[in-house]
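Have the structure open as you go through them.

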Amino acid sequence: MITSLQASLSSTIHHHHHHLHRIPPSTAVAHPPRKISATNSPLQRSISHSTPRRRTLLSLSAIIASDLAFSSAVFSDTSSRSIAAGEFSEIPGSGGVKALDLIQGSGPSPVDGDLIAIHYYGRLAAKQGWRFDSTYDHKDGSGESLPFVFTLGSGKVIAGIEAAVKSMKVGGIRRIIIPPSQGYQSTSQEPIPPNFFDRQRLFTTIFNPTRLANGEGSTLGTLVFDIELVRVRHQ
């Protein structure tokens, strides 16, 4: 299943490569990506009659195939850098987190104890790619987008994000697929969507007791993040 997913991604990257345009961060939020699901589409009908794991894989395929161009658009300073074509690979020692480097960074890499800042775009595979949070929606008083700042190795952030940024360099952009075991284990783990309704929808999906009892725990919490490592401060 993962092999076919990677092949679909690689094909999509080549198709969209010549159509990517940079949109400044200040305008990116005003143009959200089109919604993945359509009420009567063949994909939606297929998802509704499939197994939980099949639904997740179909959702991941739709997410990855639909918005590579959006990733190039929303992240900052990509005008002189090209989106790399490639395949997902598992990050060693990550517990199953898979990564694809869209843009290679050229700055320093973080280590445990560093204060780091990232921009991210987070989606939930169980909801057909529903975007539950984006740092470009987080604004300061002047309207500038605020990155998410945390101390690497503090344990406050979900393990999948920590594993992903440890092997990145400042300026890099990486897409990651986080399995439930490396995603949210509690409602207090960061990053936490600031909007109450987004938080409620995210956590009631991941920790749905009925669906967990039905054996869907291996699919409910699968996350897809696009991450840009903005800066690293050694402490």
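1. Isoleucine 227 is part of strand S7 (helices, H or I of at least four residues, and strands, E of at least two, are DSSP runs numbered from the N terminus). Isoleucine 227 counts as buried because its relative accessibility is 0%; buried means under 20% relative accessible area, exposed over 50% and partly exposed in between, with a 1.4 Å probe and protein chains only. Methionine 168 is 59 residues from isoleucine 227 in sequence, with 9.7 Å between their C-alpha atoms.

2. A word on the basis: this is a predicted model, where local features need pLDDT of at least 70 and side-chain atom pairs pLDDT 80 or more, while totals for chains, interfaces and linings use all residues. Residues are numbered from 1 along each chain as its sequence is written, and side-chain values use heavy atoms, leaving out hydrogens and water.

3. Now the core. A nonpolar core is a set of buried Ala, Val, Leu, Ile, Met, Phe, Trp, Tyr and Cys residues joined through side-chain atoms within 4.5 Å. The largest one has 31 residues, and Ile227 is among those with the most contacts inside it, as are Ile118, Phe150, Ile161, Val165 and Phe225. S7 gives the largest share of this core, five residues.

4. Which residues does phenylalanine 150 touch? Leaving aside residues up to four places away in sequence, its contacts (heavy atoms within 4.5 Å) are Asp114, Leu115, Ile116, Ile118, Val157, Ile161, Glu162 and Val165. Phenylalanine 150 in S5 is also the bridge partner of isoleucine 116. S3 and S5 pair in the antiparallel sense over four bridges, where pairing takes at least two DSSP bridges between the strands.

5. Finally, the aromatics. The structure holds nine aromatic pairs; rings of Phe, Tyr and Trp (its six-membered ring) pair if their centres lie within 6.5 Å, with planes under 30 degrees apart called stacked, over 60 edge-to-face and the rest tilted. Phenylalanine 148 and phenylalanine 150 are stacked, at 5.2 Å centre to centre and 25 degrees between the planes. Tryptophan 130 and phenylalanine 132 are both buried. Arginine 201 lies over the face of tryptophan 130, 4.3 Å from the ring centre (the cut-offs are NZ of Lys or CZ of Arg within 6 Å of the ring centre and within 35 degrees of the ring normal).
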